[in-house]
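Student: Please take a close look at a single part of this chain. I would also like to know how that part sits in the whole.

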Amino acid sequence: MTPTGREAPLGEEELIVTKTDPKGRILYANDVFMRVSKYTPREVIGAPHSLVRHPDMPRCVFKLFWDTLLKGEEFFGYVLNLAADGDHYWVFAHATPTRDARGTVIGYHSNRRRPDPAQVARIQPIYQQLLRAEAASPDRKQGMQQGGTALQQLLAQQGVSYERFVFSL
């Protein structure tokens with residue numbers, strides 16, 4: 001899918017909600033997700049959530065996302081997504097593990113809302129820096145590691161965790 005550069009509309013008061021299995025396959029997507037992502041339920045249910053991954057979204061942020069969830073912790077972060085027609089939409093995501101009665105993780109639940117444009121303006125150059133770090137390696141895995149190193153260096157310079165960093169924007 002080629003990005004169009006157009007932004008898909010997401011209302012200020014709207015919430016995108018999805019639920020996935022432990023491997024990130026979509027089990028539930030609300031009407032807002034369906035409208036903004038421009039996919040049909042048939043295309044979404046059972047598909048990997050990476051279906052909406054925008055190529056301008058650093059892979060190292062998704063690695064941090066999954067590393068955080070796999071530790072049983074919740075994740076907060078800014079994410080650029082790609083709709084089925086190539087339009088994009090920014091979200092501030094909150095993802096958390098879903099547990100059964102014994103405490104076993106049985107999936108993940110995510111709520112996303114539209115971030116303030118000023119927050120997007122602050123995170124975009126950082127994500128571009130991470131993308132450059134990732135692109136510096138011909139190997140995708142090594143590039144993701146280089147992006148992760150660049151992200152950790154940025155956080156160390158700020159003296160904050162990723163969560164505190166994103167809440168400071």
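Tutor: What follows starts with one residue and then turns to the whole chain.

This is a predicted model, in which local features need pLDDT of at least 70 and side-chain atom pairs count only at pLDDT 80 or more, while totals for chains, interfaces and linings use all residues. Residues are numbered from 1 along each chain as its sequence is written, and side-chain values use heavy atoms, with hydrogens and water left out.

The residue is lysine 38, which has a positive phi of about 65° although it is not a glycine. Lysine 38 lies in the loop between helix H1 (31-37) and helix H2 (41-44). Helices (H or I, at least four residues) and strands (E, at least two) are DSSP runs, numbered from the N terminus. Lysine 38 counts as partly exposed because its relative accessibility is 33%; buried means under 20% relative accessible area, exposed over 50%, and partly exposed in between (1.4 Å probe, protein chains only).

Now the whole. The protein chain has 6 helices and 5 strands, and from the N terminus on its elements run β-β-α-α-α-β-β-β-α-α-α. Of the 169 residues in the protein chain, 43% are buried. Among contacts (heavy atoms within 4.5 Å) with a separation of 6 or more in the protein chain, 53% come from residues 24 or more positions apart. The C-alpha atoms of the protein chain fill a box of roughly 45 × 40 × 35 Å, taken along the principal axes.
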